[in-house]
Amino acid sequence: MVKHQPLQVYEKQVFVSFVTGIYGCRWKRYQRSQDDSSRWECTWFVILCSSFLLLLFWAYFWLVAQNDFNEFNWLVYNRSGEWRDETIPILASTTVGFSYITFLLILALFHISLGQQLNLYWVHKIGLLATLLTTISGVISIDDLWGDEWDILLLSLQSTAPFLHIGALVTVTAISWLVAGYVVRRERSNFQVMMLLIYMVILLVVYLAPLTFTCPCIMDRHSLRPRPDIIGRRGAPMLAPENTMVSFNRALQYGASSLEADVTISVDGFPFLMRDRTLRRTTDIHKVFPARQYDDASLFNWTEIRSLNAGQWFLESDPYWTVETLTARDRSRIGNQTVCSLVEMLRLAARANGSALLNIRRPPPEHPRYRSWFMDTLWAVQKAGISQKRVRTVTWTPDTDRGRVRGLQQTANEKLSLEEMRQRGITSLTLHYSKASHKDIQEYLANNVSVTVYPVNEPWLYSLLWCSGVPSVSSDAPQVLRKVPYPIWLMSRNAYNFIWITSNLVSIAVVIGIFGFQKWRMRGMQTYNPEHIMLSAVARRTSRDVNIMKEKLIISELNNGLSSTEELCLYPENGYATYSHGGLSH
């Protein structure tokens with residue numbers, strides 16, 4: 001009597017082959033394994049996850065630091081002496097590295113989800129280490145060169161925290177599929193219990209995270225203060241050369257209500273506008289006075305300064321990638337710009353019925369106007385014909401000299417207590433955004449202290465300060481802030497609490513459902529007897545649909561009671577195998 005038993009038939013696993021092939025160069029079925037991953041491969045997975053988190057932090061930092069790219073390039077210029085956009089290679093390498101690590105992490109998670117053994121290819125290991133080391137060196141370099149910029153991370157969370165919370169909630173909820181699949185296995189171990197506890201702690205932290213949020217834009221819309229005034233910081237330096245007449249005109253065209261400039265005193269007592277200590281970056285001094293290009297800008301007389309071109313550098317270096325947007329007429333005007341005097345800028349502000357904020361740099365001790373720089377500034381204000389009440393000065397000098405600027409409103413460039421401000425007679429502050437906390441701003445406003453925050457170039461930061469009640473901001477990009485007629489987002493406390501609680505409840509329900517499904521699925525697999533599988537239906541498919549692998553069957557003597565003389569016979573015409581007792585069946 002002949003008894004037939006079909007051979008096992010395998011379908012093509014294209015997706016599994018793609019995942020294991022890209023991740024570990026295991027393209028063939030026999031190269032793959034569903035055994036537990038080795039400790040070495042688990043270590044590489046931990047390194048991969050750590051690299052992803054570090055790169056996520058690094059990418060987020062550069063995303064919010066766009067507000068200060070101009071400051072970063074200027075800082076690099078002061079160290080290297082050459083002006084170039086250093087953010088381009090950083091952003092390019094960060095994008096490539098983050099995309100690569102994210103792709104590998106997704107493949108690794110698919111391995112875990114499909115029950116495949118992790119085995120990272122050696123080429124990827126080299127790429128992973130190179131990306132990790134490059135990122136670490138970048139973090140160390142930025143901490144040394146631009147360490148103060150880390151403050152923007154905490155400030156940005158006041159604007160992005162509600163949205164990051166939703167993203168984190170979705171992520172930890174999705175990860176529950178992998179955690180549940182690992183925890184509900186038949187084998188129990190202390191490591192499984194530890195994994196479950198860690199996951200539950202992380203889940204609880206994410207659920208309760210909004211209790212620590214401080215978001216000024218979570219408020220009643222009726223409590224929103226008027227839109228902050230925009231001060232053109234050095235004009236509109238993204239559209240025209242900084243501290244030039246064409247730049248100040250552009251700032252006024254884009255809605256700036258005030259102008260801010262950096263004031264330097266020439267050797268003959270004439271106040272002019274210059275940000276840098278030297279004239280190298282923003283003029284053609286290397287052509288006109290090549291032997292003096294490293295001299296302090298204040299050691300030139302006004303006639304020499306006026307002979308320099310202050311616009312051609314902008315067209316040649318294109319520091320903000322905006323030259324291509326300029327018309328031929330604009331390029332001609334920019335190319336003929338000279339160094340702007342303080343009198344010219346103040347007259348423009350007076351004609352526009354605006355005000356001025358002056359950052360005055362005191363001349364060096366060897367300068368002939370070292371003792372009379374304040375009188376030179378006051379003379380320029382009077383000559384311009386602008387009301388002294390509309391001119392505020394930020395003097396980077398000791399308190400003993402601060403009182404000498406008679407008749408001009410003075411503002412402090414550091415955070416002071418209310419008592420110190422009363423003693424010095426100061427009624428306004430000009431603060432860097434990292435020094436202006438929401439609590440401090442509210443305290444200053446409650447005591448009638450005017451606060452101006454700088455530099456504010458991104459809509460998210462402008463919206464955040466608007467919700468905080470700041471009356472004015474100083475910006476390098478008035479053309480950008482003009483397009484923000486209302487805070488980017490504004491939400492009442494009740495509305496946010498409803499979203500927060502609802503999202504948590506949905507997440508809890510999904511996590512419980514996933515754990516329940518995985519337990520039910522695992523129970524079904526545990527009671528499953530693979531010797532009872534009949535794949536005849538699969539075997540009837542055409543060769544184009546399936547790839548048939550014929551293997552010898554290991555037949556259980558307990559179920560079939562077959563002797564050692566039973567042999568296997570293949571029927572290639574129908575894709576089945578038969579076995580007979582005492583010989584082959586034909």
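Mentor: Start with burial: a residue is buried under 20% relative accessible area, exposed over 50%, and partly exposed in between, with a 1.4 Å probe and protein chains only. At 8% relative accessibility, C215 counts as buried. C49 is partly exposed, with a relative accessible area of 24%. Note that this is a predicted model, in which local features need pLDDT of at least 70 and side-chain atom pairs count only at pLDDT 80 or more, while totals for chains, interfaces and linings use all residues. Residues are numbered from 1 along each chain as its sequence is written, and side-chain values use heavy atoms, leaving out hydrogens and water.

Trainee: Which cysteines does a disulfide join here?

Mentor: A disulfide is a covalent bond between the sulfur atoms of two cysteines. The working rule is a pair of cysteine sulfur atoms within 2.5 Å. That rule gives a count of one disulfide, joining C217 to C467 with an S to S distance of 2.3 Å. The pair links distant parts of the chain, 250 residues apart: C217 sits in the loop between α7 (190-208) and β2 (229-233), and C467 in helix α18 (residues 459-468). Helices (H or I, at least four residues) and strands (E, at least two) are DSSP runs, numbered from the N terminus. The torsion about the S-S bond of C217 and C467 is about 95°, so the disulfide is right-handed. C217 is buried at 4% relative accessible area, and C467 is buried at 7%.

Trainee: Where does helix α6 have a kink?

Mentor: The bend at a residue is the angle between axes fitted to the seven residues ending there and the seven starting there. In α6 a kink of about 70° lies at T160, shortly before the proline P162. The end-to-end span is another reading: the expected value is 1.5 Å times one less than the number of residues. Helix α6 (residues 151-183) has 33 residues, yet its end C-alpha atoms are only 40 Å apart, short of the 48 Å that a straight helix would reach.

Trainee: Which residues form the nonpolar patch on the surface?

Mentor: Patches take residues with over 30% relative accessible area and no salt bridge, joining like charges within 9 Å and nonpolar side chains (Val, Leu, Ile, Met, Phe, Trp, Tyr) within 5 Å. A salt bridge is a side-chain nitrogen of Lys or Arg within 4 Å of a carboxyl oxygen of Asp or Glu. Accessible areas come from the Shrake-Rupley method with a 1.4 Å probe, and for residues only the protein chains shown count as cover. Here F15, F18, F103, I106, F110 and L114 form the patch, with about 520 Å² of accessible area together. Elements giving two or more residues are α1 (14-24) and α4 (87-114). Helix α4 gives the most, with four residues. F103 lies in α4 and, at 38% relative accessibility, counts as partly exposed.
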